[in-house]
Amino acid sequence: ESASKGGYPHFMLKEIHEQPRALVDTLYGLSSDPTLREASKIMAEARRVFITAAGTSYHASLHFAVALSKIAGVLATPFVASEYEAYLPVVREGDVLIAVSQSGETMDTLKAARAFKERGAKLIAVSNVVDSAIPRESDIALYTRAGPEIGVAATKTFTTQTLLLSFLVLDYALLRGAILKSEYDEYARELSRASDLAAKSIAWSEGLAKKVSEMLRLKQSMYYLSRGVGLPTAMEGALKIKELAYIHAESYPAGESKHGPIALVEEGFPVVFVVPRDVYYEKVLLGNIQEMKARGAWIIGVAPEDTSLGEQFDLFFRVPSSHWLTTPITHTPPMQLLAYYTSTLKGYDPDKPRNLAKTVTVE
Ligand code: G6P
């Protein structure tokens, strides 16, 4: 077993470090695969677009929905797979459901996909496992090329899913005439830096993640906040620390603090702010950071190296400055590492967190 860990103490750490390669492979796979265009056509012919998943894959789905709205000007409806029943009554022929599942076998997602199909919706699968159940039952399947993921908590499958789904958005937007070819090329150029961005993000944050974990291991509760394009990534950060370090973590849009959650904040309460590279978000998040600081919160920033908010953070995870579309790729690795090191420091096995399974094939 230790041989397959490639010299790393855990699969999770190995898989975090495999992200640059997984992103290159996924990018390469997409560039030579005509199914991306076919999937865009199915979407372009559809009346409405739904997207569903569970766990980490759901956060990738949220990224898709945000990007589709911003780039293509089209609203997609994302939902947690186990909640499919609430959406079913409105589904009919002409709709499309994108089912995202790294394993392709998650029962909640499979059931949602089957139910939508029965009502006449077309199905697009996004998976990491060729010919798994969900791709088999779909009209078309798109694959990430992350390679096998052994650690229970998803890492490289998340960043590759967001890369693939971003390309689906771009291809669709181009097909619908929502963007020009020159705009497409510009976005694609940003996305093609994914591997390099992830490599830098990992290298820049690993030392700090180790240090911060020593303080974090004593905490019982924390928040992961962001807005808009940063929110799916913040949600993924909170999920990681819950799954692996067993610290209660909540993620919600930063603007909601004043409507309730700020009541919990006291001296030393950790709040991670995920700051996308965008002047608008920097401006609105500044206010949210300050309201937390005023209550004594311990502010951990995950932000581009050239952010204007650097001085606001008690601890600053610098990530490479890049387009907002790559936020999950640049900002997730520090939070994966933080969860990993906090987990191991507390004496847990990050590859096999308690009560969790890699693939949940029951409802
Ligand atoms: C389980 C795993 C999660 C994963 C979720 C969805 O709950 O513990 O890490 O995100 O299933 O898995 P899928 O294979 O459908 O992406």
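This is a predicted model: local features need pLDDT of at least 70, side-chain atom pairs count only at pLDDT 80 or more; totals for chains, interfaces and linings use all residues.
I number residues from 1 along each chain as its sequence is written.

I checked confidence next. The protein averages a pLDDT of 96 (the predictor's confidence in each residue, from 0 to 100), and 99% of the residues score at least 70. I noted ipTM 0.97 and pTM 0.97 for the model.

I then turned to helix α3, residues 35–45 (helices are DSSP runs of H or I, at least four residues, and strands are runs of E, at least two, numbered from the N terminus). Its buried residues are Leu36, Ala39, Ser40 and Met43. They lie on the same side of α3 because they cover an arc of only 100° around the axis (taken from the directions from the helix axis to the C-beta atoms). I find the buried residues of α3 packed against elements including α2 (19–31), β1 (48–53) and α7 (156–175) (contact means C-beta atoms, placed from the backbone, within 7 Å).

Last, I looked at the ligand. I count 16 residues around the ligand, with Gly55, Thr56, Ser101, Ser103 and Thr106 the closest (C-beta atom, placed from the backbone, within 6 Å). Helix α4 (residues 55–72) gives the largest share of this shell, three residues.

How values were computed:
A residue is buried if 20 or more other C-beta atoms lie within 10 Å of its own, exposed if 12 or fewer, and partly exposed in between; C-beta atoms are placed from the backbone. Two residues are in contact if their C-beta atoms, placed from the backbone, lie within 7 Å.
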